[in-house]
Amino acid sequence: MSEETTEKEGKWTFDQVWNDFTSQLVTARVEVKDKEEELEKNSSLMTRIDLGELNDARNKCMRLEGACEALDIVRTEVIGAESLIKREETTA
């Protein structure tokens with residue numbers, strides 16, 4: 001079945017779902033970074049800072065990270081495929 005046929009029928013493959021969620025996650029991370037930079041740049045000029053938008057962006061990012069983790073568990077435990085999550089070790 002071609003991707004065009006799949007889209008017409010409204011059915012997605014697992015990889016299409018994965019790609020959609022990871023794309024949303026990348027966009028959400030950029031949004032968080034932009035909001036953090038904007039806050040840092042303007043924090044010295046403001047007496048009151050509304051963190052609502054930044055917190056909303058961070059929450060969205062965390063939900064998407066959780067969704068990707070869940071999809072990766074399905075990929076590895078149910079489908080038996082290799083994990084697509086690349087874990088980076090941080091050194092303190």
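I looked up the pair Glu-65 and Arg-29 and found their side chains joined in a salt bridge at 3.0 Å, N to O (a side-chain nitrogen of Lys or Arg within 4 Å of a carboxyl oxygen of Asp or Glu). Glu-65 lies in helix H3 and Arg-29 in helix H2, so the pair ties together parts that are 36 residues apart in sequence. Helices are DSSP runs of H or I with at least four residues, numbered from the N terminus.

I note that the model is predicted: local features need pLDDT of at least 70, side-chain atom pairs count only at pLDDT 80 or more, and totals for chains, interfaces and linings use all residues. Residues are numbered from 1 along each chain as its sequence is written, and side-chain values use heavy atoms, with hydrogens and water left out.

I then checked burial (buried is under 20% relative accessible area, exposed over 50%, partly exposed in between; 1.4 Å probe, protein chains only). Glu-65 is partly exposed at 30%, and Arg-29 is partly exposed at 45%.

I next examined Arg-75 and Asp-15, whose side chains form a salt bridge at 3.1 Å, N to O. This pair links helix H3 to helix H2 across 60 residues. Arg-75 is buried at 7% relative accessibility, whereas Asp-15 is partly exposed at 45%.

Technical notes: Helix = DSSP H or I, 4+ residues; strand = E, 2+ residues; numbered from the N terminus.
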